[in-house]
Amino acid sequence: MRDWIPSFLLVRPSLGSFRLEGKAKISFLEKGLHHIGEAISTAYRQWESTSRNGFLQGVDARVKILFMAFFLVIVSLKRDIGSATLISLFFFVLAILSQLKITYFYRKILFLTFVFGFLIALPSALNVAREGELVLPIFHFSKSRELWIYHIPETIGFTKEGLHGVAVLTLRVFNSLSLSFLILHTTSFPEILKALRVFKIPDTLLLIIGLSYKYFLLFARILEEMYLAKKSRLIRDLSHGSARKWIAGRITFIFGKTQQRGEEVFKAMLSRGFSGPIHISVFAKLGRWDWSVGTFLFLAGVLILWI
Amino acid sequence: MDLRGEEVEKMIVLDSASYKYQDIISAISNINLEVREGERFAIIGANGSGKTTLLQIMNGLIPLSSGRIFFRGHEVSTKSLKEKGFMRFFRERVGYVFQDPDVQLFCPTVLDELLYGPLQLEISKEEALDRAFEIMKMLGIENLKDRPSYMLSGGEKKKVAIGSVLTTNPEVLLLDEPTNGLDPKTQCFLVELMLALNEAGKTLVIATHDLSLVDELQATVGVLSEEHRMEKTGSAIDILKDEELLLRVNLIHEHIHRHGDMAHRHIHSHYLFHRHEK
């Protein structure tokens, strides 16, 4: 049998140890793949939290979607800090009752609120954007100036009215994100899609979104595996050039695979009776618990509106 | 010590190794394992028991959630693999053949695929070419050298994937379901190839649920349970005759079928046990 084997395979590598050659660079490829891994991880975490035995998990997705739409309107109607804080507290209690991991849940919300709420709104608190009672001066000129359509006052700083506006806007963003994340972490993606039918979104569009989501996760997995396969054969640092070449090759591969998978799915649909119109399975009737929770959430919303 | 009483070096050692996929789903749990130099080691278990994860951990591709892994006495970790010298030392000695060759083959042609490893090792182009052609001859794929991987059949892709790893002359070959989905002739060829490589001194670690492969290779066997634990380790003979164990880990099952008017119930594995009860 040994005659089969090329002679170089019979040579044993020198045993013993290795020479220290310094740290290998982390390629941009690894960083990019890390983000794809995070996307898969998020999907897993959501799936895991939707299957817990919490308060909102047991409620029909249609009730939750209507609750979300109703409260998004309430969040945008309330313009005072007290009401906005009350809404935040209400969502916090719902998150606890739904057994969500609070730190993980609020980490992303706070980051997004800081970037898309606070940072974006902050310049509007300056007296350059809107006049008001100066509470926090930050820069002083010798005299006031006119610049295009703006009036630059002698002292630039944050105004009381401006800071109030920033606080309200930040709280609104925070509440809207908390509400969306609350639904996403207590309802599985296919259920959300089905529930969107209450807004008369066409079934075809829902099917396409559902398939896209499934494909994204599927190809993220393939991509992760391809990277591991590359890593297992990587003996030296990967240069940027060769990483780019590898990516180009793999994009072609994924493209081909997507096309092939698309054709296969279509054939499977045809063989199972698809003839044009799409029919998504219908929901069961709402139960007593769904009605009770729905009524409670509706009354809570009305109460917050009234306050 | 091996059967002849000679000192054999521990090649791969896993010490209380656990891994959770995405920190949520347990894939392997508290595994202790030793693979010795020149050994044929088969990891068997039902689908989802963690065989692939275990191989990927042995190849340092995914970091352990807890526990440790050693290769020739050196700890393999995210930190140690960042050291260029160790990464080279480890990667040129441990080759991994993925279950799906599509994810592994990324070069334009078969020849490029076989040259990739040796050229990375900075072996001269002449020697790299010699290696590639010798491997192609061994695998009977010389006629495919200029083909891109997407123009190959499943069996051909598998041969190229194995060849692409062999050209770097690794000491250890990790093979994930090597015969899965292949026709009987290619399966038979691969079994003979694995035996020949092992005879040539290569250590083989195979993940499979194919009990006939385990029997043919007469490997040392580690059985993974559906709870992702190492249920038992032993010789192929001992493991394959332990029906209770194989039933428990879902590698064989009870099965009812008819012969004319007679109905039979027996243990069924699509391999060894097809013994009718009276």
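Predicted model: local features only at pLDDT ≥ 70, side-chain atom pairs only at ≥ 80, totals over all residues.

Me: In which sense do strand S1 and strand S4 of chain B pair, and over how many bridges?

Reply: Strands of a sheet pair through backbone hydrogen bonds, either parallel or antiparallel. Here strand S1 (residues 10-21) and strand S4 (residues 66-71) of chain B are antiparallel, with five bridges; two strands pair if DSSP finds at least two bridges between them. Strands are DSSP runs of E with at least two residues, and helices are runs of H or I with at least four, numbered from the N terminus. The open sheet has four strands in the order S2-S1-S4-S5 (chain B). Strand S2 (25-36) and strand S5 (74-75) of chain B each have a single partner strand, so one side of each lacks a neighbour in the sheet.

Me: Which residues have the most contacts inside the largest nonpolar core?

Reply: In soluble globular proteins, nonpolar side chains tend to be buried together. A nonpolar core is a set of buried Ala, Val, Leu, Ile, Met, Phe, Trp, Tyr and Cys residues joined through side-chain atoms within 4.5 Å; buried means under 20% relative accessible area, exposed over 50%, and partly exposed in between (1.4 Å probe, protein chains only). The largest core has 54 residues, and B:Ile12, B:Leu14 and B:Met58 have the most contacts inside it. Its largest share, eight residues, comes from helix H7 (residues 203-232) of chain A.

Me: How is an aromatic pair such as A:Phe92 and A:Tyr106 described?

Reply: A pair of aromatic rings is described by the distance of the centres and the angle of the planes. Rings of Phe, Tyr and Trp (its six-membered ring) pair if their centres lie within 6.5 Å; planes under 30 degrees apart count as stacked, over 60 as edge-to-face and the rest as tilted. A:Phe92 and A:Tyr106 are tilted, at 6.0 Å centre to centre and 35° between the planes. A:Phe92 is partly exposed at 32% relative accessible area, whereas A:Tyr106 is buried at 9%.

Terms used
Residues numbered from 1 in each chain as written. Chains lettered and ligands numbered in written order. Heavy atoms only, no water.
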